[in-house]
Amino acid sequence: MTDEKIIRDVQIGDAARLAEIYSYYVRDTAVSFEYDAPSAKEFECRIKNTIEKYPYLVCEIGSKVVGYAYAGQYSTRKAYDWTATSSIYVDKDYRRQGIGSALYKALEDKLREQGIVNVLAGAAYCETEDEYLTHDSKEFHIRQGYSLVAHMKEVGRKFDRWYDLLWLQKKL
Ligand SMILES: CC(C)(COP(=O)(O)OP(=O)(O)OC[C@H]1O[C@@H](n2cnc3c(N)ncnc32)[C@H](O)[C@@H]1OP(=O)(O)O)[C@@H](O)C(=O)NCCC(=O)NCCS
């Protein structure tokens, strides 16, 4: 079986698989501050909203979708139009195989093409890693060339614990 990574635009038919990848991070980790895993139908709506204005990419290996990344609006105020947010989720069993890097590289290329000059990523964080949250997201973003620009303390509560939120920024 080939382990070639194919990066392509999302299709609505990917919704159920993306919901499956994301559900682990909602149910079992503090990576996402959502409490309830969205349904495939809800994922479809989110995808449709995003692709009206921003890139949304998936990575396939051997025709299995193993991760996805998308951009979003940072703020509706006009002056923010050159700034977007980025989000990324890799199937928990496929991490550390370069999938995240491949997705982000392709996402950044698309964002540059549409004139975006700043990308911001929000990452849940706790000083000491626990069973719900690692430093993966922070380390990954630093490796992708993002810089830490904000550290908001104890802004999210999940699993009866407080979690911080980091904002990381990359100039494209
Ligand atoms: C963060 C995430 C997207 C990284 O995806 P990935 O496919 O595992 O990343 P890659 O294999 O491309 O890693 C690229 C580099 O990032 C860094 N990195 C990634 N995970 C890391 C970790 N746990 N600790 C330290 N560095 C890490 C490393 O430098 C790595 O290169 P290396 O493996 O050659 O050392 C993935 O762990 C994930 O989906 N996590 C849960 C969701 C999440 O946190 N999303 C971000 C918030 S929206």
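Is Cys45 buried, exposed or partly exposed, and what is its relative accessible area? Select Cys45 to start the tour: this residue is partly exposed, with a relative accessible area of 42%. Keep in mind as you click around that the model is predicted.

**Stop 1: the cysteines**

Now select Cys126. This cysteine is buried, because its relative accessible area is 9%, and buried means under 20%. A disulfide is a covalent bond between the sulfur atoms of two cysteines. How many disulfides does the structure hold? The count is 0.

**Stop 2: the largest nonpolar core**

Next, select Ile99, Leu103, Tyr104 and Leu111. These four belong to the largest nonpolar core, which has 24 residues, and they touch the most other members. Then colour the elements that each supply at least two residues of this core: strand 2 (56–61), strand 3 (64–73), strand 4 (83–90), helix 3 (99–113), strand 5 (118–125) and strand 7 (161–171). Which of them gives the most? Helix 3 does, with 6 residues.

Zoom in on Leu103 and show what surrounds it. Leaving out residues up to four places away in sequence, Leu103 touches Ile7, Leu57, Val58, Cys59, Gly67, Tyr68, Ala69 and Ile88. Another core lies apart from the largest one; this other core has 15 residues, among them Ile21, Tyr22, Phe43 and Tyr68.

**Stop 3: the ligand**

- From a nitrogen atom of the ligand to a polar backbone atom of Ile88, the distance is 2.8 Å.
- From an oxygen atom of the ligand to a polar backbone atom of Arg96, the distance is 2.7 Å.
- From an oxygen atom of the ligand to a backbone N or O atom of Gly98, the distance is 2.8 Å.

How much of the ligand does the protein cover? On its own the ligand has 920 Å² of accessible area, and the protein covers 82% of that.

Asp136 is in helix 4 (residues 136–143) and counts as partly exposed, at 43% relative accessibility. Show its side chain together with that of Thr134: a polar contact of 2.8 Å joins the two. Then draw a line from the C-alpha atom of Asp136 to that of Arg96. The two residues are 40 apart along the chain, and these atoms are separated by 9.8 Å.

**Stop 4**

Move to helix 1 (residues 15–28) and select Arg17. Is Arg17 buried or exposed? Arg17 counts as buried, because its relative accessibility is 17%, and the cut-off for buried is under 20%. If you set aside its neighbours within four places in sequence, Arg17 is in contact with Lys64, Val65, Val66 and Asp91.

Ser23 is also in helix 1. Select Ser23 and you are looking at a buried residue, with a relative accessible area of 12%. Where does its side chain reach? The side chain of Ser23 reaches the backbone oxygen of Glu20, at 2.8 Å.

Now go to helix 2 (residues 40–51) and find Lys48. Lys48 counts as partly exposed, at 43% relative accessibility.

**Stop 5**

Select strand 6 (residues 147–158), where you will find Glu154. Look at its backbone: phi of Glu154 is near 50°, a positive value in a residue other than glycine.

Gly156 is in strand 6 too. Gly156 is buried, with a relative accessible area of 5%. Beyond residues up to four places away in sequence, Gly156 touches Phe33, Arg161, Trp162 and Tyr163. Its C-alpha atom is 8.2 Å from that of Ala124, which is 32 residues away along the chain.

Finish in the loop between strand 6 and strand 7 by selecting Phe159. Phe159 is not a glycine, yet it has a positive phi of about 55°. Phe159 is partly exposed, with a relative accessible area of 28%.

Definitions and conventions:
Residues are numbered from 1 along each chain as its sequence is written. This is a predicted model: local features need pLDDT of at least 70, side-chain atom pairs count only at pLDDT 80 or more; totals for chains, interfaces and linings use all residues. Side-chain values use heavy atoms; hydrogens and water are left out. A nonpolar core is a set of buried Ala, Val, Leu, Ile, Met, Phe, Trp, Tyr and Cys residues joined through side-chain atoms within 4.5 Å. Buried means under 20% relative accessible area, exposed over 50%, partly exposed in between (1.4 Å probe, protein chains only). Helices (H or I, at least four residues) and strands (E, at least two) are DSSP runs, numbered from the N terminus. Contact means heavy atoms within 4.5 Å. A polar contact is a pair of N or O atoms within 3.5 Å; within protein, one must be able to donate a hydrogen and the other to accept it, and residues adjacent in sequence count only if both atoms are side-chain atoms. Accessible areas come from the Shrake-Rupley method with a 1.4 Å probe; for residues, only the protein chains shown count as cover. A disulfide is a pair of cysteine sulfur atoms within 2.5 Å.
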